[in-house]
Amino acid sequence: METEKQSEVTEADLIPVYIMGKRYMVPPTLTIMKAMEYAGYKLVRGCGCRGGFCGACATAYRILGDPKLYFGLACQTVVQPNMYLAQIPFFPAQRATYDITKLEPTATTLFSIYPEVLRCLGCGACTKACPQEIDVRAYMAAGMKGDIATMADLSFDCIMCGLCAVRCPAEEAQYNIAILARRLYGRYLAPRSKHLEERLEEIEAGEFDVALAELKRLSREELVARYRARDIEPTEGPREEED
Amino acid sequence: MSGYPPEMQESIRLVEATRLRRLKETFPTMSLEEREQVLNAFHPDYIKEKMRAIRVGVSKGQRMPVELADIVEGRPHIGPDFDLSEPFAETDVLVIGGGGAGASAALLAQENGAKVILVTKLRFGDANTMMAQGGIQAADRPNDSPAIHYLDVMGGGHFTNVPELVEALVMDAPFVIKWLEDLGMMFDKEPDGTMVERHGGGTSRMRMHSARDYSGAEIMRTLRDEVRNREEDITVIEFSPAVELVLDDKGQIAGAVVMNLETGVYSYIKAKAVILATGGGGRLHYQGFPTTNHYGATADGVVMAYRVGAPLGYLESMQYHPTGAAFPEQIVGLLVTEKVRGLGAQPVNKYGEQFVYPLEPRDVEAAAFIRECKERGNGIITPTGQPGVWLDSPMIEIIQGPGTIKKNLPAMVRQFGRFGIDITQEPMLVYPTLHYQNGGVRLRADGSTEIPGLFIAGEVSGGVHGHNRLMGNSLLEITVFGRRSGRSAAAYAQQVKPGKPTLAHIEAWNRELEEAGVDTGVISPILLPDYTRRV
């Protein structure tokens, strides 16, 4: 296999790490996640996309002799000698249920669904813990002012790993509050698209039915000819091709 | 300080030495014959000994990667005598899979009156949906139409797509955008509400909607949040992958056996309808390729559906993206967007020389990278033995002006920057990566399959994309067919007359394997790849 392969290293290159207090010797180039696998763990908890997008592998660690507590994603953080590791694959966080169609995008909504927003101490422990480098304190401050648009904007890159909530002395679950703000913004505050509404009306009126029916009937040769004859909308930027 | 080891830096010096000369050089595009040649010799799909036909079941003869064939022909986790008499839970609709397709399906099934259980292998939302960056297609601008979208999809798929499925995809697309927006998804928009839309490979109109470079994550977390808000009707059970579908004595679906990943306990969930939304199989690492896929992508749905008799299709073609990261080790296989080449970066070998036109079709480009490394020995080998070629990103700033990379490729800058590599100053090492399963279980336009009560949605299905999917049509597919299958499954569950659950199909399957002399030695679905070190 060309991937996920373990580094070819000699004994002398290995460094000690402590997985939940137990010592293992691992290659120094590995991420925390791959070091755990090198040590023999077949991960079930604490492993998701392995690419820094899903937030499954929140990890807290200390380095021997350094009093500071560090945080990171196991799939994105490289091991260091004498690292003491603890994954936090699950954390009990408060989450309200609500009907998004029956809300108003106001401060009152935010405060009634999550009254604890107003308990934020502004200490910034959340910001320090965020592996996405989001200024969690800043979006919570916006939330305290009822500024839903700013809260939505500043929290946008959140992967909901929960490390902010783990650290919060005011017992907030910031990431759950933030997604409420983003959904309120997306549904109620973002400007609506006129061209989208018009297209929906056109489809519902059956305006494309004939064209589609005709395309479906075409022989492969006719379809290829139509495809080749397409005019391509000019673009200023480069074309993208992924996902 | 460079994040590259000294031996790789030596090669980078050569790349730098040729850069100014290369700026003026355009590598010729391949003729159709040359394309055919390089594909035949080096594209993974064309390597005959790495593909084989399956020897049992309703789609006997279907060719697919050997790694997939081995698990499709595997033995079930449980025997035919597994006790179904006391189900662990009962529901109208059982959704298997907690990605974007499963979440969409659960919501629509619930809206149409069904009680729903959603089981998922890992956490709800640990899925390829979460990792999709680029966007979602929908023909909603005045100069565009579903008909034009249809043509683009068919052409992209080499005209092998199922027309009815493509019609469903393009006609539902604008409704899906509206649905997501109503759920509170934040699309990129102009101040007046006009959607920001761009081109994707193979599109003739700009119709790629996005949410910064977190398009899939924004869809996934919005759908997930909405599912959680409907907890009275939708029960989510995490860390419980399905391992076997259950039929009744009339041949209708009757639920599934799931495994608690933490305790190893198997239990039966009885259901009137099942929606399979288990995604693809990148973690099977066909031919040893790294993958862009999430940890749980092991083709479980194809295995389970096939065992109860659902036909497969299009599995002879997998999508390999030419530019997966090949260094550093920590991000091997992750996607490097095609936009990098679009902005002017050339692929070059270890001597700093071009060897392929930068924007050949995706399969051709990938094959040329493999040829450069495997046949010509001109690749760069990393300390962990991973081959790759350089993607000369610093060219972009020379061609387009300083600051272009930071403005256009912020996610890439962050991704490599974490490991001490400044892509504005140093090239990226890339190699093809396993990206998408074009085929799968054959799908009908209403989300149903040949098996009564079994519905499917997303990457597990086959037919929508033919033999090649375009960018932005997978986020679309999971929502379009997730919704369709959810709606259909709820309607089906209301009228079906369930029979007696049985695992007779396992007996028949095992017998067929024995009669055909097939023993791959695999218990499937395999559920997770094994990356633990062999000592």
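B:Ala256 stands opposite B:Ile269 in strand 11 of chain B, and that strand is a handy place to start a tour of this predicted model. Here, helices (H or I, at least four residues) and strands (E, at least two) are DSSP runs numbered from the N terminus, and two strands pair if DSSP finds at least two bridges between them.

As for the ground rules, residues are numbered from 1 along each chain as its sequence is written, while chains are lettered from A and ligands numbered from 1 in the order in which they are written. In this predicted model local features need pLDDT of at least 70, side-chain atom pairs count only at pLDDT 80 or more, and totals for chains, interfaces and linings use all residues, with side-chain values taken from heavy atoms and hydrogens and water left out.

Strand 11 of chain B covers residues 266–276 and is mostly covered, with 8 of its 11 residues buried. Buried means under 20% relative accessible area, against over 50% for exposed and in between for partly exposed (1.4 Å probe, protein chains only). Strands of a sheet pair through backbone hydrogen bonds, either parallel or antiparallel.

Which way does strand 10 of chain B run against strand 11 of chain B? The two are antiparallel, and 5 bridges join strand 11 to strand 10 (residues 253–259). Their hairpin has 6 residues between the strands, and there B:Gly264 takes a positive phi near 80 degrees. Strand 3 of chain B (residues 89–96) runs parallel to strand 11, with 7 bridges joining them; B:Glu90 has B:Lys270 as its bridge partner. Strand 19 of chain B (residues 454–456) is also parallel to strand 11, through 3 bridges, and there B:Val274 stands opposite B:Leu454.

B:Leu454 turns up again in the largest nonpolar core, which has 171 residues; B:Leu454 is among those with the most contacts inside it, along with B:Leu68, B:Val93 and B:Ile96. (A nonpolar core is a set of buried Ala, Val, Leu, Ile, Met, Phe, Trp, Tyr and Cys residues joined through side-chain atoms within 4.5 Å.) Helix 7 of chain B, residues 163–182, supplies the largest share of this core, 11 residues. Domain 1 (10–87) and domain 3 (194–223) of chain A both give residues to this core, so it lies between them.

**Empty space**

Rolling a probe the size of a water molecule over the atoms shows where empty space is left. On a 1 Å grid over the protein atoms alone, a cavity is a set of points where a 1.4 Å probe fits but cannot get out; a pocket is an open set with protein on both sides within 12 Å along at least five of seven lines; lining residues have an atom within 4 Å of a point. Grid points are joined across faces, edges and corners, and a volume is the space filled by probe spheres set on the points.

| Space | Volume | Lining by class |
|---|---|---|
| Largest cavity | about 640 Å³ | 19 nonpolar, 19 polar, 7 charged |
| Second largest cavity | about 150 Å³ | 4 nonpolar, 5 polar, 3 charged |
| Second largest pocket | about 610 Å³ | 17 nonpolar, 4 polar, 7 charged |

For the classes, Ala, Val, Leu, Ile, Met, Phe, Trp, Tyr, Cys and Pro count as nonpolar, Asp, Glu, Lys and Arg as charged, and the others, Gly among them, as polar.

The largest cavity is lined by 45 residues, and B:Ala127, B:Asn128, B:Thr129, B:His294 and B:Glu459 are the closest to its centre. Helix 15 of chain B gives the most to that lining, with 4 residues. The second largest cavity draws on both chains: its lining includes A:Phe53, A:Gln132, B:Asp213 and B:Arg414.

The second largest pocket has 28 lining residues, with A:Phe90, A:Phe91, A:Tyr175, B:Arg228 and B:Glu238 nearest its centre. Helix 8 of chain B provides the largest share of the lining, 3 residues.

**Domains of chain A**

Domain bounds come from an automatic or database domain assignment, which gives chain A domain 1 (10–87), domain 2 (100–189) and domain 3 (194–223). Taken over C-alpha atoms, the centres of domain 2 and domain 3 of chain A are 42 Å apart.
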